[in-house]
Every structure is written in C-alpha cells, then in structure tokens.
Amino acid sequence: MSKVIDSLPSLARRSDAAYLDFVEGFREFILGKGADFEDRLNQALVDEAARRGQDWQDVEHIREFVQQQPLGCLRDRLARTQQEMKWHALVRSFDEQRAKLVGELEHWASRGPGDLLLDPEFVPPSYVNVHFHLQPGGYFKDELSGFLYHWGTKVFFRGDNDADQLHARLTRFVPTPADGRVLRILDMACSVGQSTTAFRRRFPEAEVWGVDYSAPMLKVAHRRAAMLGDEVTFKQALIEHTGFADEYFDLTFAFIVFHELPLRVIEETVREAARVTRKGGVFAVYDFARTADKSPFQRYHRWFDARHNGEPYSQDFCDCDFDGLLRCYGFRVDATPLGQRAGGSGYMQNWFAIRE
Ligand SMILES: C[S@@+](CC[C@H](N)C(=O)[O-])C[C@H]1O[C@@H](n2cnc3c(N)ncnc32)[C@H](O)[C@@H]1O
C-alpha cells in the first residue's frame, strides 16, 4: 500500500472496507459503461428532439422526458442510493473509532513539518450550511468531517485518486507565469490538502498555503501533509476574504469549489483571487462545465444533482458567465474543456486566467 493511502485512516472492520469496495464498483456500474445510463438516456433525448423537430431548450422539459422513462427513474434511484450507502457505511465505521481518530488529529495538530493555523473566533456563514453531496453534517459539523470527506471522495473517484494521482495531474497542467516565477502558491478551498501538497512537490522551493473554512478538513489536511513530510501551511479562512496581502501569490488555484458557492460569493471569490494574485500571475480553476457546452443528459444530471445530491448552487454556477466575471476582475482567460487537456469527462472544464 502506498504512503499516500496510508494517510487515510483504516475503517473499523474489514467488512466495512469490503462494503465500500462494493459501493465503488456499484458507482462504476451506474456511471460507467456497465449500465451505460448516460449514453442511453442522452441518445433517447437526441432522438426525441429529432422527432419533435426542435432541440431541447428548457431543462424542465428535459426533466419531464427523462423522468417518464423507466431507465431514467432507475438511474435516479440508483444514483441516490449509492451515495446513501457510502455515507451510511462511513459514518457508522468512523463512529466506532471516534475517540481514537479525534486523538489522532490532536496528536498531529502540533507536529510538523508545516503549520495549522485555526481561527478560534471563526463563525461559518449561513450559505455553507448544506450537506454537500449528502455528506452527513456537511463539511464542518462533525469533528471527523475531513476523514469522512477524504474516504467519500476516494469512493467517488472510483480508484482514480487512490494515490492522489488526479490532484497530481491537475496541478501539473497548471501553467507557470510567463516570467517563470513561482514563489508563493494559494490553494483555495483545499479541503484535505491533496492539491496543496501536490503543488509543494511540483514547486519544492515555494511557500504553499491551503485555505479552507472547515477546521475538521484542515486538521485532516495538516495530519496528512505532516505524515507525508510535505511542508505547507493550512489556514482557516473564507476564500472570499483570505486575509493575505495584495498580489501576494504567483499562482492561485481552485478545484471544484465554485459550483458550491452562491453567485454573490462566486463574484467575491473572483475579486479576492484578483486581489491576491500578482500581475502576470496565474489563477487556475477546475470546475463543472458551462451549461451551454453540455449534452442534454448532462444538463439533466446537473438539475438532479442540485435537487437530489446536495448541490443547490451548482446550476447557477454552470449557467453564469464565469469567463466574463474573470475578465471583469482583470484576468485574461484561457477556458478549455478539461477533456481536451487532461483526459477528463465532459462534466469538467478548466480556466487558466492570467492576472493583467
Ligand atoms: C468540493 S470541496 C473542494 C475540493 C478540494 N479543492 C479538493 O481538492 O478536494 C469543497 C471545499 O471547499 C470548502 N469551502 C467551501 N466554501 C468555502 C469558502 N467560502 N471559503 C473557504 N472554504 C470553502 C469546504 O470546506 C470544502 O472543504
């Protein structure tokens, strides 16, 4: 087993691990070529549009059609059920070893390399009060939220991130500023710090910061980085108000957080990124693709995610003019569908923006 995987705590019983292994396979079947729901439903949507002689405009019409199909109902039920199975098993397994795991976090909190800067006065804003992708307690209400999230995403990525290879790949694709200077890096909404440490490995001389508002996430991030020997600093703050000096960073990064923010906070975060990124510096964002670039089924999936998978803000993000927002705050934008660049799916997109 690799060192990276060792930073994930073991589950309480071997049967828990076996169960989650099954859930991972179940996800693969539903989302991959096993059941082939996506291609089959998308084809049904394309055929129906041809029959009607009109492309799909309104997502409400797409929804109505998909939910009339037995295949659509089955897919929705299974998509929801596999999430519930995953969280139920993880919560039960971590509850059984709660005292030990809390002790582990305390043990690592004061050890290096790297620092953990928590703010005892921090009060979470109301918009974060969501059980994102159905995680019980959301990102911060359980002291073990970070461990739950890390294990949950391990299952979510279906083996593609077991050794942090996804984070390594995404951070590797981020371009360096034209003058080549990368001395300070900010990882916005770093959760358990997988991209934070990946940046430190890519730029071993750089000062690397991970910012997140969730203390349970940051404790896991710090423990993980310290176990791996990666010297990075984790700070508890909102990404829309990071507290860093103007133009402090050469490179600012945000992976899959914008779709979890209300529109007002999306704008505030872009403004903050523009403030803390120096002229000529890079702001790299990976997130859900624009609605306009999506297939009819993917548009439906976004609707489903918002209503039934704890992603209440994601539709607004996908509908908004994110390129325009970046330009408005002084970035030159190179927006490329991720699939063309990193072999990702059509759900994702990257924006590599240069601060002008
Ligand atoms: C989907 S995860 C982001 C994924 C993360 N970049 C990774 O690589 O795993 C969302 C994270 O963003 C954090 N977050 C959400 N809104 C935030 C905000 N306004 N300020 C700081 N952190 C935020 C959450 O606590 C959570 O850890």
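**Entry 1: names**

Before anything else, a note on labels: helices (H or I, at least four residues) and strands (E, at least two) are DSSP runs, numbered from the N terminus. I also remind myself that this is a predicted model.

With the labels settled, I looked up Pro113. Pro113 sits in the loop between α6 and β1 (115-117). The bond joining Gly112 to Pro113 is a cis peptide, with omega at about 5 degrees.

I kept going with the backbone. Most residues other than glycine have a negative phi, and most peptide bonds are trans. I noted two non-glycine residues with a positive phi.

Leu134 has a phi near 65 degrees, and its place is the loop between β1 and α7. I count 17 C-beta neighbours inside 10 Å for Leu134, so it goes down as partly exposed.

Glu247 has a phi near 55 degrees and lies in the loop between β4 (233-236) and β5. Its count is 16 C-beta neighbours inside 10 Å, so Glu247 is partly exposed too.

**Entry 2: strand β5**

Next I followed the chain into β5. How many of the residues of strand β5 are buried? I get 7 of the 7, across residues 249-255, so β5 is largely enclosed by the rest of the structure.

I then checked the pairing of β5. Strand β2 (residues 184-188) runs parallel to β5, with 4 bridges between them; Leu186 has Thr252 of β5 as its bridge partner. Strand β6 (residues 277-288) is also parallel to β5, over 6 bridges, and there Phe255 is bridged to Tyr286. To get from β5 to β6 the chain passes through helix α11 (residues 263-276), making a right-handed β-α-β crossover.

**Entry 3: Phe253**

Is Phe253 buried or exposed? It has 26 C-beta neighbours inside 10 Å, so it counts as buried; the cut-off is 20 or more.

I also listed its contacts, leaving out neighbours within four places in sequence: Val174, Ile185, Leu186, Asp187, Met188, Ser195 and Ala284. Arg278 is 25 residues away from Phe253 along the chain, and their C-alpha atoms are 13 Å apart.

I tested α5 (residues 70-95) for length. At 1.5 Å a residue its 26 residues should span 38 Å, and I find 37 Å between the end C-alpha atoms, so the two agree. Its buried residues include Arg75, Lys86, Trp87 and Phe94.

Just past the end of α12, I found Gly310 with a positive phi of about 60 degrees.

**Entry 4: around the ligand**

Last, I turned to the ligand. Which residues come nearest to it? Out of the 20 around it, they are Tyr139, Ala189, Ser191, Ser214 and Ile239. I sorted the shell by class and got 13 nonpolar, 4 polar and 3 charged residues.

Key: Residues numbered from 1 in each chain as written. Predicted model: local features only at pLDDT ≥ 70, side-chain atom pairs only at ≥ 80, totals over all residues. Near = placed C-beta within 6 Å. Nonpolar A, V, L, I, M, F, W, Y, C, P; charged D, E, K, R; others polar. Buried ≥ 20, exposed ≤ 12 C-beta atoms within 10 Å, placed from the backbone. Pairing = 2+ DSSP bridges. Right-handed = clockwise from strand over helix to strand, strands pointing away. Expected span 1.5 Å × (residues − 1). Contact = placed C-beta atoms within 7 Å.
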